[in-house]
Amino acid sequence: MPTASQVSNVTTTPLPTVLELHNVTKQYQQQTVPAINQVSLQLRQGELLALLGPSGCGKTTLLRTIAGFENPEKGWIELAKQPVCGQGTTLPPERRDVGIVFQDYALFPHLCVIDNVSFGLKHLGRHRRLPNAQIQTLAQEAISLVGLAGFERRYPHELSGGQQQRVALARALAPRPSLVLLDEPFSNLDVQVRLYLRQEVRSILKGVGASGIFVTHDQQEALAIADRVAVMRAGRIEQLASPEEIYEQPASQFIADFVTQANFLKAQRSAGGWKTALGLVDTAMVNPTDATQGMLMLRQEELYLKAVETDAEMVLVICDREFLGREYKYTLNHPSLGKLKARTPIRFATGDTVQVSVKPNPYGLRVFV
Ligand SMILES: Nc1ncnc2c1ncn2[C@@H]1O[C@H](COP(=O)(O)OP(=O)(O)OP(=O)(O)O)[C@@H](O)[C@H]1O
């Protein structure tokens, strides 16, 4: 594993690839469709990738296949340019130079922190036996790295959930793997701890130059901490791109819906612009497309709300509101349009009537066919 200074010095040259998947397909016996279907991807050294998607789309199966707990029927995987499965090779998990952090921490309750962290170092497989002194040094370094120096003799039940997850991370990092796999690592934690720990895990991985892949079904989490996000649907990767690109240029209506929870309105192109139930939207505000009709995506922040009297034309009613601190999130209702979501700093009360217009944005509105 490279040092932090090595990592920061290599921003101008492309970093080496640590992981490659080539058309990997895994189908469980009881299933009629593959859990992961022809998945290909590359991960560079130090890169943090999020696997994002709805329940059952294959995120965990993909992670488990990379770790070596599942064997794919088709395709192959290389770690550091060495095949680890497929093409006649099957390396067990302990020989893949991969650290794993589970959702439920999976710590040994009868072992204290340092023994939990050392455990993996003592069981690296017969190909990597380490002397005791080195095991102690590596374990201590990993514990310090995750901010738990002084907690070495505590038992898991004497730690908070966030601290237990730090121990799990220390255990994964102690053998200094080039890749760390994290399966929904923050989902058992309180919101505050979760927000804090996710940034910290990112900076710890970046600090040691390890690559990471984490599974999440939380869009904000994926966009907040990953360098790239793979949005999965029914076993396939539907889009693999930076968080900005996923948000600004979603490849499909499914991604736009899942990631940004946008509104979609039927739209028809006419000479004057795109006709929608909310009025005419200027063609210049919409990304160029050959389509003449489709669903116009309107993100929650792209709706402008103006208070009006109930008898005005095209009135929507505020039927729910959430105060988010800097802004409000409103649910609007219209008898024929149904429900729309909008975010704005403007304050309205439940029951207020508003008219909605569309705000331009720098990256353009999108129409999906
Ligand atoms: N051991 C198994 N045996 C049979 N089918 C399985 C097994 N594990 C997962 N599956 C199926 O494979 C598909 C993908 O499951 P997977 O757990 O990878 O999805 P996921 O995206 O991680 O879902 P979640 O977010 O709910 O954890 C699902 O249809 C699931 O029912």
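This is a predicted model: local features need pLDDT of at least 70, side-chain atom pairs count only at pLDDT 80 or more; totals for chains, interfaces and linings use all residues.
Biologist: How many helices and strands does the protein chain have?

Modeller: Helices (H or I, at least four residues) and strands (E, at least two) are DSSP runs, numbered from the N terminus. Here the protein chain has 9 helices and 21 strands. Its C-alpha trace spans about 80 × 45 × 45 Å along the principal axes.

Biologist: Which domains does the assignment give for the protein chain?

Modeller: Domain bounds come from an automatic or database domain assignment. For this chain the assignment gives domain 1 (4-253) and domain 2 (263-368). The centres of domain 1 and domain 2, taken over C-alpha atoms, are 39 Å apart.

Biologist: Back to α4, please. What should the 14 residues of helix α4 span?

Modeller: The expected span of a helix is 1.5 Å times one less than its number of residues. For α4 (residues 132-145) that gives 20 Å, and its end C-alpha atoms are 20 Å apart, which agrees.

Biologist: And which residues in α4 are buried?

Modeller: A residue is buried if 20 or more other C-beta atoms lie within 10 Å of its own, exposed if 12 or fewer, and partly exposed in between, with C-beta atoms placed from the backbone. In α4 the residues Ile135, Leu138, Ala139, Ala142 and Ile143 are buried. They cover an arc of only 135° around the axis, so they sit on the same side of α4; the arc is that of the directions from the helix axis to the C-beta atoms. The face turned away from this buried side carries the exposed residues Ala133 and Gln134.

Biologist: What do the buried residues of α4 pack against?

Modeller: Two residues are in contact if their C-beta atoms, placed from the backbone, lie within 7 Å. The buried residues of α4 pack against α3 (113-122) and α5 (161-173).

Biologist: Now a sheet. In what order do the 6 strands of the open sheet lie?

Modeller: Strands of a sheet pair through backbone hydrogen bonds, either parallel or antiparallel. Two strands pair if DSSP finds at least two bridges between them. Here the order is β7-β8-β9-β3-β10-β11, and the pairing is mixed. The edge strands β7 (98-101) and β11 (236-241) each pair on one side only.

Biologist: How many bridges join β7 to β8?

Modeller: There are 4 bridges, and these two strands run parallel. You can find Gly99 with its bridge partner Val180 in β8. β8 and β9 also pair in the parallel sense, over 5 bridges, and there Val180 has Gly212 of β9 as its partner.

Biologist: Why is β8 described as largely enclosed?

Modeller: Because 5 of the 5 residues of β8 are buried, the rest of the structure largely encloses it.

Biologist: What is the order of the open sheet with 5 strands?

Modeller: That sheet runs β2-β1-β4-β5-β6, and its pairing is antiparallel. Its edge strands are β2 (36-44) and β6 (89-90). β1 (residues 17-26) is joined to β2 by 6 bridges, with Leu19 facing its bridge partner Leu43 in β2.

Terms used: Residues are numbered from 1 along each chain as its sequence is written.
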